[in-house]
Amino acid sequence: MNLIKTSVIGSYPIDIDTIKHVKAYFKQKIVSWDNYIKSAVKDMLNSGIDIISDGQTRDPFVNIFTRRLKGCRIRDRTEIIDKIEYDGPITVEDQKFIKTFIPKNKHLIGLITGPYTLTNSCVNLFYNNDKELSFDFAKALNQEAKILQKYVDLIGIDEPFFSMGIPDYGKELINTIIKGVSCPVRLHVCGNVKNVIPELLEMPVDILSHEFKALPMLFDTFNQYDVKKDICLGSVRSDKSDIESVDEIVNHIKKGIDIFGDRIKQIAPDCGQKMLQKSVAFLKLKNLVKAGEIINGR
Amino acid sequence: MFSFTKDQRIFEISGVKIGGQPGVYPTVLIGGLFFKGEPDFIKAENQIKDMLGLTKKLGNPSIPDFFIRKEQYIEKILNFIDKKIPKRQPFSIDIIEPDLKIKTLQLLDDKGLLQRTIYNSIHIGITNEERDALKNHTPNMAIIVAFNPKDKSPDGKIEILENGANLIDNGLINLTKKLGVKKILVDTAAMAPGDYSGAAIAAIPVIKEEMGLPTGCAIHNVVEKSKWLDDFKSIRKQVDASSNINIPMFGGDFTIYGPINNSNTVFPMIAWQDILISEYVENYFGISPDDSHPRRKLF
């Protein structure tokens, strides 16, 4: 059996020093965001995680993209006021920065919020229908993905809205994003995916990632299918501050192995960790790594 | 030419009205004192007298903006305000350090000055202690700085006002109202030269149209920090002062124009701009200027 890698899903909590930003503003100076990215990445590195992300520190996962795509206007919810178009790299510079200080043996996942989730998170004031909007998002994200792949080891597409039902064009949307992308692609769909598993298994991606720790009933549901995709097993909760013990995580992974066998290629938190306290998020990652070492026989 | 579709709020502080449709009320001029820290009260008294003389002549209201940089100056400056400036004159206090803000609020309350106070300013750096102090010693009016380090565009400024851009727990407008401050002025946060500084001007009509609140900024800061202007020293002051014209031109209500000793240059420029705006909005929209407007004073 190949070694299982530890990973994160995406976001990671940081403490933003707003007073520092304001004081710099009054002096007409700019505070770089790099230290926040570094703070998130360092925690991932210090915990021993194999596949790290940029921590999505700049914004919630929707705004990261809608802030930079043409046609979007940030309000309480992002409003779509014009045709969605790519306006240049969105997360690429942050990945380049991270590459300057992470060890060579660590992998970097580039994160993209999926077009269906972006569509459902925005207020559409421009397009006649959501399908048209989703595809324009997908085309814009494809341009980001094609650049991003040069700087990361794999790409993660985050599509939580798929858990509530995948539209008949869902597979085509994912195909649109990954057209011309040659690195491995992971599709993360948190929430209860029990009703969409057949569609998920048909998705043109290498790895499926789900919230198995909060929703252990998914083991039984997945067990009814012939799973030919690799799996990223959600193994610590992202919605609760209780820190899972190493033993608890090991048992959870073993249960996953019973169902998926060597299809389990990654273990990770159930979802982004942004809502947790930084110290809690870190301890969860640390225990995840320790559990991974036990499973890998190290 | 502007006339906003959104109803415009007009707030009054000690007889000075701020806000409304362009062309009704004169642009309010906020001039700073004690930038360098150490207060020179004799000079300040004369400067404020001159400033108020310009208001009397031209109509544009004056707000002296008192910088307080050290704790040792708080009481001295508030005593000066209490004793040396006209009893009904509104003023603003301009403090960065949260601890000094808290101490100043307490003392403003003790001296019965809060009704004339414009609190400059509330922003994303507000601390819990400062929130408590504002609840306990609530100033009549506050300036909110729409500074969003994530997004310096007009949209980013609206975001910080509406929901705090995930940098604080609430939008700055709601947060300020919850603290009990009902009269809110929005400062569109002029950034450093080359750092999307023009967005501070572009944001004025956007914020007024969407929120209807009195809006302005300190656009002169951008000029002040423009190093290339060092080659044009003889005209620097005029360029600095003239930048303020952008504010009424884009529908704004107040300008924080920098050192009070620029008053002689800024007041006539803004009065002229206000007259021009009044002429075209009255002609086109039928909006008449208030009796305090420079067009009424001078024609």
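This is a predicted model: local features need pLDDT of at least 70, side-chain atom pairs count only at pLDDT 80 or more; totals for chains, interfaces and linings use all residues.
1. On overall make-up, chain A carries eleven helices and eleven strands, and its C-alpha trace extends over about 55 × 45 × 30 Å along the principal axes. The radius of gyration of chain A is 19 Å, which agrees with the value near 19 Å that a compact globule of 298 residues would have.

2. When the contacts in chain A between residues at least 6 apart in sequence are considered, 74% of them join residues that are at least 24 apart.

3. On the contact between the chains, chain B contributes 22 residues and chain A contributes 20 residues. On the side of chain B that touches chain A, helix H5 of chain B, spanning residues 154-162, gives the most, with five residues. That side of chain B is made up of nine nonpolar, six polar and seven charged residues.

4. On Gln224(A), the residue sits in the loop of chain A that runs between helix H9 (217-223) and strand S10 (230-236). Is Gln224(A) buried or exposed? Gln224(A) counts as exposed because 9 C-beta neighbours lie inside 10 Å, where the cut-off for an exposed residue is 12 or fewer.

5. On the placing of Gln224(A) relative to Met164(A), the two residues are 60 residues apart in sequence, and their C-alpha atoms are 20 Å apart in space.

How values were computed: Residues are numbered from 1 along each chain as its sequence is written. Chains are lettered from A and ligands numbered from 1 in the order in which they are written. Helices (H or I, at least four residues) and strands (E, at least two) are DSSP runs, numbered from the N terminus. The radius of gyration is taken over C-alpha atoms; the globule rule is 2.2 Å times the number of residues to the power 0.38. Two residues are in contact if their C-beta atoms, placed from the backbone, lie within 7 Å. Ala, Val, Leu, Ile, Met, Phe, Trp, Tyr, Cys and Pro count as nonpolar, Asp, Glu, Lys and Arg as charged, and the others, Gly among them, as polar. A residue is buried if 20 or more other C-beta atoms lie within 10 Å of its own, exposed if 12 or fewer, and partly exposed in between; C-beta atoms are placed from the backbone.
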